Each structure stands twice: as C-alpha cells, then as structure tokens.
2 protein chains.
Amino acid sequence: MSWTLSQRAQKLTSSAIREILKVTERPEVISFAGGLPSPDTFPVERLRAKANEVLTNDPSPALQYGPTEGYVKLREWIATRYSTGATRIDPQNVLVTTGSQQALDLLGKTLIDSGSRVLVETPTYLGALQAFSLFEPNFVSVASDEQGLQPSALTPKLLEGARFLYVLPNFQNPTGRRMPLERRQELAKIAKQAGLLVLEDDPYAALSYSGDALPTLLSMLPDQVVHMGSFSKVLAPGLRVGYLIAPPEVHRKLVQAKQAADLHTPSFTQRIVYEAVKDGFLDTHIPTIRALYGERCKVMLEAMKEQFPQGVTWNEPQGGMFIWVQLPPGVDSFKLLDQAIAQNVAFVPGGPFFANEPQLNTLRLSFVTVPPEKIRRGVAILGKLLRESIATARVA
Amino acid sequence: MSWTLSQRAQKLTSSAIREILKVTERPEVISFAGGLPSPDTFPVERLRAKANEVLTNDPSPALQYGPTEGYVKLREWIATRYSTGATRIDPQNVLVTTGSQQALDLLGKTLIDSGSRVLVETPTYLGALQAFSLFEPNFVSVASDEQGLQPSALTPKLLEGARFLYVLPNFQNPTGRRMPLERRQELAKIAKQAGLLVLEDDPYAALSYSGDALPTLLSMLPDQVVHMGSFSKVLAPGLRVGYLIAPPEVHRKLVQAKQAADLHTPSFTQRIVYEAVKDGFLDTHIPTIRALYGERCKVMLEAMKEQFPQGVTWNEPQGGMFIWVQLPPGVDSFKLLDQAIAQNVAFVPGGPFFANEPQLNTLRLSFVTVPPEKIRRGVAILGKLLRESIATARVA
C-alpha cells in the first residue's frame, strides 16, 4: 500500500521489556524480568464487594460518560492524602489518569516540542523514555549515583532551556534507588532558583520496607512540581487508575489533552478505587505488601551474596520492586539474557533504561512475583552464567 | 513561572461541547446537547453479575497488567463479529482501545505529521478534529450532502498526498446522516484506485431504527480500512472499551503507540465486556435501544414539524442519536444557544464540527436522554426563539 506513516511512528519501537515478557510467559521460566506487582497482594474480596456496591447503589454515573478531570470524590481523597502540614493540595489540581503511563503521554504532549531539552536520570524509567520519545525531545542524561540523581550536576549550562526534569525519587525503576532527604532539598532549591519544572514520578512511594516515607518534592515546591501517583502498586494495576497533581496552568492543558486522548478514565474503575480506599483501607493493606516484598528482597540479596562472583556489584534497596546489578566492563547483559533464557531464567538488560550511551553491563532484577525457593534457584543459575561470562570476557 | 508549553499545547482548547455540557447539568435544563446514551439502556444487572463472576472465577488476570493488544478472547469475539461472508477478520488485526476516542489519538500519532493533508467530511466529529489537531494536520473538508460524503468530490487533485480520509458512514455525529450503499461502493472503488487509507469510525452502526445494517467499508476494502468501533453505545460508555481493526502494518504501529499511551485498556473492564456479550446478549439488547431511540426521534421530528418556522430545515435520521438542523442564512446558532439557555433549553451549535469555514447557521439536537414530554416542551421553546431570531435577522 502507498500510505505514509508519521515520522514519529517510523521511529517507534516496542518496549524491550514487553518483548522479553512475552518470551517469559512459559510457566517453567523463573522470571526476574517483570515489573508486575505480586497478585498475592490484590485485595480481591474487597474489590469484588466494592464493584458490586457501586453497581447496586448508584449504577448510572458509574456506567455513563464522566468528567475528563476524574471522579470528584476520588480527586478529593487524593488531594487530602497529599495535604500534609503546611502543604494543602487543591482537588482542582488533581487529574485522574488511565494508569500512570497516561500521565507521561499527556505531559509529553503538553510540554515537549521537537528538539526540546528534557532532563532525565541515568538510568531512568523506560516507559517514560518511550512516551516522551513520540514528541522527539533532546534527552539530557543527568549524572546519578547510588543515591539517585546528583543535584550538583544541574549546572546553569545544563539547565539552560530545559523544558523539565523527570525524576523518580523513591525506589526508582530500574535501580531501586531512593533519593535521600538532603538531595531532595538541594534539588528543590536548585529548581526553584532556576524556575525549572520538575516531574516527580512516584508509583513506589508506599513500598518502603521500614521507616517513614521521605517528603515528596511536591511538598517542597508545590508550584513547580507535577507529581504522578498510581493505585497499580497498592491495589491492582488491571484497574488502570493513576493520577497527577499539577500547577493550575499545566493542569488545564493536561485536561484538554486528556479529553482528546480518551475523554476520561473509566467511571466504573474510578468509583471502585474510591470505595476501596476511602475509609483507610490502605493503611492496613500496604504493610502486608511491604512485608511480602521486603522478605523476597532479603532472600534475593542473600542468594546474590552467596552466588554472584567477585566484580559483580548491586544495591540493597530499602523498598520497591527492583535490584540493579553492575557487571564487570565488557560483560554484555543482552548476551547473558540469551544464555539465561536457554536455562529458563529471565531478567531485563539495563541498556534500554539509558536515554543516551547505554551501559550494557547492567541489568534489573525484580523479586516480587517469585517465591523464595525459585528466587534461590534462579539466582544460582545466574551466578553460574556470570562466572562463565566473566571468565570469557577476561580471555577475550 | 518560566516554563514553556509545547506549541501544540498552546493551541489546545477545550471542546465547546464539554463546556456547554457543564452549563446544562442543572436539573431544570432540557438538554438536547448531550452525546450521551440514555442510562435507561444500561444493562446494570447483567454488568453487575459479570463483574462479580470475573472477580470470582479468575481474579488475578483481571486485576494484573495485561497485553497492550487487549484481552485475547475479546479480540477474537470482535473479529468473529466482523467476519461475514467472504471477509474474514483476523483477531491479530484487532486492538482494544480505552474508548473509541483513544483510537483517534493513536491514529493521529501514527499517521499525521505537521502539515499532513487529512480529509474529513463537512461537517465531521468534533472529537476527531480535537484528537488529530494535536498533531497539526492540514484539514481538507470534503463536500458532503444529505447522504453524507460525496465520493465525486474525491478528485485526484484533492487526494494528492492525503494521509487518510476520516469518515463516519452510519448516523454520523453530528448530522445523523447515513451513507447509502452505492456511495460506499463508489468510495471503496476510488480509495482502492488511489491507494487511500480510509478511517471508518462506526460507533452508531447498531443503532438503526429499522432494516438491516449496510455493509461496512471494512468489508469492501479490508486491506485499506481502519475500522473503529465501541461498546459505549450498546453497553455502557463508563467502561471505556472501544476497539479498532487495522491492516497489519498500521496495527503494529498503533500497538506501539498504545503501549506508550496507557500500556493497555483496563483488564477488568475488558473481561466484563467479553463476559457480557459472548453469548449473543447484544442480539436481544440492541433492539431495545433501537426502539427507545427510534420512538424519541419520532417524537422530536413531529414536534419540530409543528413548532419550527419556515426556512428551518432538518434531516429525518434512520438511526443513531442526532438530528442536524439548518437555519436560514444569517441566524447564528451560538446566539440562539444563549437565548435558549436563558430559557433552560440547550443544544450544540454546529460551527465547531467544521474543520474549515464553519457554517454558523447549523445546530445539533440529541433526543436520546430526554423523555417525550420534555422533548415537546423544549422544541416548543426553540421554535419560539427561532421565529424571533428569524424576524430579527430579516430586520437586520
């Protein structure tokens, strides 16, 4: 046929992760590749009861078209949850999205022109790179270390003309890193001075294994932060209910973009989420998720310590779903993946998470959906393959 | 603040219709403005039973992340429904979308570059103009009459370099017009010769008041048609489940674009829809919607005949949700709307439905959510205002 795709479509590719996930759907595969929460954490009974309630008590609005901004009671609940101490969040600034991924698409649409400078962490969330890429930005990778993004790297030269900084301060995907309080304060200070818009993507905030959550960037700089959150990791991702909180001027444009994107997020699922969370349910539910993930993380870290050879390093996450592994220079994690899949173990190579200059000797491990015995078995297989790869890399 | 919005965001505006709908939410307003289906048609009991079933029989996949392409059983059901006689639709070519509106966004992303020629009817669906506009096309309005788009207007010069033609052959929004069989065949022939991609938007196909549905453009030219459908008008829009059927090359790009847009449509609502429709339910349900809408349409047409002054003309739809009204030249329907709202009656002015050169002496009436008594009362008020407006226009 003679039709022509748009330039952006010609550059589009499928996420490397989703392609890997297809391979690893075989039941015999031990998969550390997923970013999926454990279905053991889904509050099935409660969601069923709430779905039933919603379609019994007031079915019409749950089945009818609704406002683009979202279900007003859910917006109010979200605003209240983020209003702490001195910071009061206005429900008017909340927009309910069809999962957090949609927030990224809407932000790309409203903030990125072709060639716009966009600052991201090194590495950063692949789904954000995908969503933003459609609008053809010029990505700038900001130096990052074990504690996340380094505020000192945000020099005036680097900030010059940047549309925004995109950052995941809590248990980042892919690294599991958390930005300490001091860095958050320093980042907020720099952003304020420079008038820099900051997109704070925060789906894992609640998943701290111990201790309190650290203050959000939103709480430090409410006029300049777009905060993204989600019910995917604390209730269930299949409902596709996320949200964002944005300064009024940006919020208004995001609402208009959402109207064109899908009119609104399903009225039904928004109401189920609201009914499920409105009376404090998450305060008892989230600790059970933390306990499960914390235990599995511990099992994986112990197995790695035992099985992984010298020269391989990793972080010890304090929350979230991921561990980030650094291999010795010259060991390519894509090649390692081929070998691992042949032995029915899967993970995600780190390369695709870099906006520029991929570090091919990195990989992401997720432990949340795998039972302890399988974690140990899978890590032992990876350990053996790593020893072989490192030996080969030395010879070569 | 010093941040910069994208150029496309700076041009974004809210839908005129959604702004009007906000005004007309007051219970005392008789609103012919909505494009909402009647909640009387929602099969509440059935959807509640199915939601309960889904979360009882196999809850995990309904609450977990799912494939971007959609729930495989629903895709198979859709493909089967569109496979008639000689045309077999492959489930691989189906993509489930978050309402039909999302299909428009994905098509805009994958097919439109800045300045691309895009052919549309005169007038056409406002939501499509909104979705496509984000990608800055050059809209070309193709001549249309009482029978919809005129294929004879599709001259080689007009077709030159067009990315696609966007058309709603059944009970079009806003006009309620249906394209007759001969025009469909002629259009398919021209599109085939020219290698023109045709986007067939078809949410109202099932809502024919009498007689069989006409063949789709998809059935005539499956290799060159992207067909969009929806469960919003035959089940419930609050579930936000739509779909598209596209040739493989386009389908692949649409899937990649959807991955970045919202990962996938909610697993839960997709399963509810599938369970609700899988055993032929729509074959008994749709006739009840047709009967209700057909009756209300008849009441409105009778009232218009009685109340509207000479010089005002309209069509008599054979299905769908809308009547299109032409006022005498010089009568501005936006001004009429102000007067009508002051008397608690609302409709949608026709101007925003034109991609180029708006005809301001047009308006859209919807009858589906208004009981007969209120239809008569509202039409009587409009008739009186029209007589006054026409008298004023003559004097001026």
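The legends below describe several views of a predicted model.

Local features are described where pLDDT is at least 70, side-chain atom pairs count only at pLDDT 80 or more, and totals for chains, interfaces and linings use all residues. Residues are numbered from 1 along each chain as its sequence is written, while chains are lettered from A and ligands numbered from 1 in the order in which they are written.

**View 1. Chain A as a whole.** Chain A holds 15 helices and 15 strands, where helices (H or I, at least four residues) and strands (E, at least two) are DSSP runs numbered from the N terminus. The radius of gyration of chain A, which is taken over C-alpha atoms, is 21 Å, close to the 21 Å that the globule rule (2.2 Å times the number of residues to the power 0.38) gives for 396 residues, so chain A is as compact as a globular protein of that length. Along its principal axes the C-alpha trace spans about 65 × 60 × 50 Å. Of the 396 residues, 55% count as buried, a term that requires 20 or more other C-beta atoms, placed from the backbone, within 10 Å of the residue's own.

**View 2. Strand β7 of chain A and its two partners.** Six of the six residues of β7(A) are buried. On pairing, which requires that DSSP finds at least two bridges between two strands, β7(A) runs parallel to strand β3 (residues 117-121) of chain A, joined by four bridges, and A:F164 in β7(A) is the bridge partner of A:V118. Three bridges link β7(A), again in the parallel sense, to strand β8 (residues 198-201) of chain A, with A:V167 bridged to A:E200 in β8(A). From β7(A) the chain passes through helix α9 (residues 181-194) of chain A to β8(A) in a right-handed β-α-β crossover, meaning that, with the strands pointing away from the viewer, the path from the first strand over the helix to the second runs clockwise.

**View 3. A four-stranded open sheet in chain A.** The strands lie in the order β11-β12-β15-β14 with antiparallel pairing, and the edge strands, β11 (313-314) and β14 (348-349), each pair on one side only. Five bridges join β12 (residues 322-326) to β15 (residues 362-366), and A:I323 has A:L365 in β15(A) as its bridge partner.

**View 4. The contact of chains A and B.** The contact, in which C-beta atoms placed from the backbone lie within 7 Å, takes 68 residues from chain A and 68 residues from chain B. Among the elements of chain A that give two or more residues to this side are α3 (44-57), β7 (162-167) and α11 (248-262).

Notes
Contact = placed C-beta atoms within 7 Å. Buried ≥ 20, exposed ≤ 12 C-beta atoms within 10 Å, placed from the backbone.
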